[in-house]
Amino acid sequence: MSEVRHNWTKEEILEIYNRPMMDLLYDAAKIHREQHDPNVVQVSTLLSIKTGGCSEDCGYCPQAARYHTDVEGNDLMTVNQVKAQALRAKEGGSSRVCMGAAWRNVKDGPEFDQVLDMVRTINKLDMEVCCTLGMVTENQAQRLAEAGLYAYNHNLDSSEEYYKEVISTRGYQDRLDTIDNVRKTNVTVCSGGIIGMGENIEDRAGMLVALSTLNPQPESTPINALVAVEGTPLEDQKPVEIWDMIRMVATTRIVLPETQVRLSAGRTQMSREGQAMCFFAGANSIFAGDKLLTTPNPDVDEDMKMFKSLGLNPQKPFTKKVQPQTVEAKDSQFEALGEKPKWTRPEHKIDRNEAAKAKGKLVK
Ligand code: SF4
């Protein structure tokens, strides 16, 4: 059985990434089979519960208020709207609902209370609930845990060095601090990144060093291929080559052997054969639904047809960890602290974002 190591070096990871493809596939598939059922794939549905108008400057994101994109902003959904979507996702074979809000960080108050209600509601549908709400304090993570949250997503996006090229409004350490806050609860950690943002292979390896040296390693890791959206600073990036995606998935599987590796954004650009090779290389989770927050995704029927032709089965909820207990709001041990945590705001100094500004695409 392959051991979980927390001392991977960039050189070791680069050696894996650059192996001849057949060796890499074989090595990754072997580890995959030791740790997981290779014919089971976890299906998550990503739901944008609050869209657009974000104060951050993530260079890939059409929801940043400063970029002119076609994304229409929406206020926070109601609990009933979310429940209806969760039921539809369950019927479509999803075991997990991941709720995303375009926030820099969670603020205590009525909107967060509403999200906590959503978490309780979906947990009671016997589905795994995940949230991706930006940076959270330890107290907020505890309140989410009490509501019955199964996972919290907070991506590292890239290596620490390349992160600065893409995002300037918060630092890498802020990301790590949020992951650390989640880790202090019994909520599982979902953290991964994006390839195709102009980073080099060393950056991809650097991100895997950062993820693999977390102890424990994240329970799930999304690997996204950039969907270049018009109006964002990364709009001109070329689509990721399928071989790069397969190499990234296989390398992730080897350095994070127990983690669920999720094919996330960019699946519409991949053939079924390409996705099948990713599953062989160790991917064992997908995002389902016709949209991933704001970018396109294959429709659920297409995915289920692909599962059938590959003999894959959707994973049942709570296969990896028992269902969290939901504590009702009135019984909560954790109150809103109304903290104003000091997340960093490094100086804005990104060439790409300056270029967007020059194009008149920046809104003040
Ligand atoms: S990725 Fe999240 S934090 Fe960054 S701009 Fe988009 S919504 Fe905001």
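1. Does Asp 126 count as buried or exposed? Asp 126 counts as exposed, because it has 12 C-beta neighbours inside 10 Å. (A residue is buried if 20 or more other C-beta atoms lie within 10 Å of its own, exposed if 12 or fewer, and partly exposed in between; C-beta atoms are placed from the backbone.)

2. Two remarks on the source are needed. Residues are numbered from 1 along each chain as its sequence is written. The model is predicted: local features need pLDDT of at least 70, side-chain atom pairs count only at pLDDT 80 or more, and totals for chains, interfaces and linings use all residues.

3. Asp 126 is found in the loop between helix H4 (110–123) and strand S3 (128–132); helices (H or I, at least four residues) and strands (E, at least two) are DSSP runs, numbered from the N terminus. Its phi is near 60°, a positive value in a residue other than glycine. Most residues other than glycine have a negative phi, and most peptide bonds are trans.

4. Asp 157 also is not a glycine and has a positive phi, of about 75°. It lies in the loop between strand S4 (151–153) and helix H6 (160–166). Asp 157 is buried, because 23 other C-beta atoms lie within 10 Å.

5. The peptide bond from Asn 215 to Pro 216 is cis, with omega near 0°. Pro 216 belongs to the loop between helix H8 (201–212) and strand S7 (220–225).

6. In helix H10 (residues 272–280), the residues Gln 275, Met 277, Cys 278 and Phe 279 are buried. Their cover includes helix H9 (242–255), helix H11 (300–310) and the strands S1 (40–50), S8 (260–263) and S9 (283–288). Just after H10, Gly 282 takes a positive phi of about 125°.

7. H9 and H10 pack at an angle of about 20°, with their axes 9 Å apart; axes are lines fitted to C-alpha atoms, for helices over the stretch in contact, and angles run from 0 to 180 degrees between N-to-C directions. H9 is therefore roughly parallel to H10 (angles under 35 degrees count as roughly parallel, over 145 as roughly antiparallel, 65 to 115 as roughly perpendicular and the rest as oblique).

8. On the H9 side, Ile 242, Met 245, Ile 246 and Val 249 meet Gly 274, Met 277 and Cys 278 of H10; two residues are in contact if their C-beta atoms, placed from the backbone, lie within 7 Å.
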